Amino acid sequence: MQQPPRQTIPELAHTTTRPIHWLATAAALAAVVALSGVLQPGSATAAQADTTSPAAHGAAVTPPDPAKVHFPLDCGPAEVLVQKKASGDLDGDGRPETVAVVRCDAGSGTPPNGVYVLTRSADGKPRVVATLVDPKDTFTVTDLAVRDRAVTATLDGYSSPDVPRYRPDVHDKAKWQWKNGTFVRTTPAAAQSA
């Protein structure tokens with residue numbers, strides 16, 4: 001089989017480099033470099049990121065575990081029982097706190113509850129940072145929630161020592177929010193006493 005004769009294609013003018021091409025490329029590159037030196041971005045105004053937090057290193061920030069905390073509650077020989085817990089970022093620092101409802105595990109009756117706020121210390125261990133309800137106030141917490149950076153709870157108590165302990169006659173709703181470095185208690189509008 002015969003191949004057709006090869007044709008000679010003339011050399012195109014734009015495929016041959018000449019000194020003028022190199023000069024034009026160098027001038028264009030110098031213009032880009034000079035322009036980038038003149039057009040600088042504005043100064044940054046954002047705050048520095050906290051590189052010490054676990055979230056800055058991509059680690060999930062877990063709420064403090066109440067099972068790993070020593071509560072300021074004297075139960076004698078009985079164990080401390082965590083009845084309810086709820087978590088959320090209460091102070092706006094990006095790290096969740098845990099609110100725990102705790103009482104002595106007396107076996108019978110209804111011992112009063114304590115409500116405690118837990119956070120993590122610098123070494124990552126959970127610790128109690130606030131007492132919202134002291135067990136000495138003799139309240140039982142029947143509902144607990146953390147929403148919108150606030151803690152809400154329903155508290156049942158007694159108007160006098162003569163009221164039977166199985167029939168609380170005071171029913172209160174409470175709300176706590178972190179303000180000016182402390183938890184401030186407010187009573188929602190729907191709160192009632194019986």
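Tutor: Buried means under 20% relative accessible area, exposed over 50%, and partly exposed in between (1.4 Å probe, protein chains only). The model is predicted, so local features need pLDDT of at least 70 and side-chain atom pairs count only at pLDDT 80 or more, while totals for chains, interfaces and linings use all residues. Residues are numbered from 1 along each chain as its sequence is written, and side-chain values use heavy atoms, with hydrogens and water left out.

Student: Is Phe 183 buried or exposed?

Tutor: The relative accessible area of Phe 183 is 17%. Buried means under 20%, so Phe 183 is buried.

Student: How many bridges join E1 to E2?

Tutor: E2 covers residues 97-104 and runs antiparallel to E1. Ser 87 has Thr 98 of E2 as its bridge partner. The number of bridges joining E1 to E2 is eight.

Student: Which residues touch the most other members of the largest nonpolar core?

Tutor: A nonpolar core is a set of buried Ala, Val, Leu, Ile, Met, Phe, Trp, Tyr and Cys residues joined through side-chain atoms within 4.5 Å. The largest one has 19 residues, with at least two supplied by each of E2, E3 (114-120), E4, E5 (140-147), E6 (150-157) and E7 (170-179). Another core, of nine residues including Val 69 and Leu 73, lies apart from it. In the largest core, the members with the most such neighbours are Val 99, Leu 132, Val 151 and Trp 176.

Student: What is the angle between the ring planes of Phe 71 and Tyr 116?

Tutor: Rings of Phe, Tyr and Trp (its six-membered ring) pair if their centres lie within 6.5 Å; planes under 30 degrees apart count as stacked, over 60 as edge-to-face and the rest as tilted. Two aromatic pairs are found; the centres of Phe 71 and Tyr 116 are 5.4 Å apart and the pair is tilted, with planes at 40°.

Student: Which parts of the chain does that pair link?

Tutor: Phe 71 is buried at 4% and Tyr 116 at 1% relative accessibility. The two residues are 45 apart, and the parts linked are the loop between helix H1 (19-38) and E1, and strand E3.

Student: Which residues is Ala 130 in contact with, leaving aside its neighbours within four places in sequence?

Tutor: Ala 130 is in strand E4 and is buried, at 14% relative accessible area. Its C-alpha atom is 5.1 Å from that of Val 117, 13 residues apart along the chain. Contact means heavy atoms within 4.5 Å, and the residues in contact with Ala 130 are Val 115, Tyr 116, Val 117 and Phe 183.

Key
Two strands pair if DSSP finds at least two bridges between them. Helices (H or I, at least four residues) and strands (E, at least two) are DSSP runs, numbered from the N terminus.
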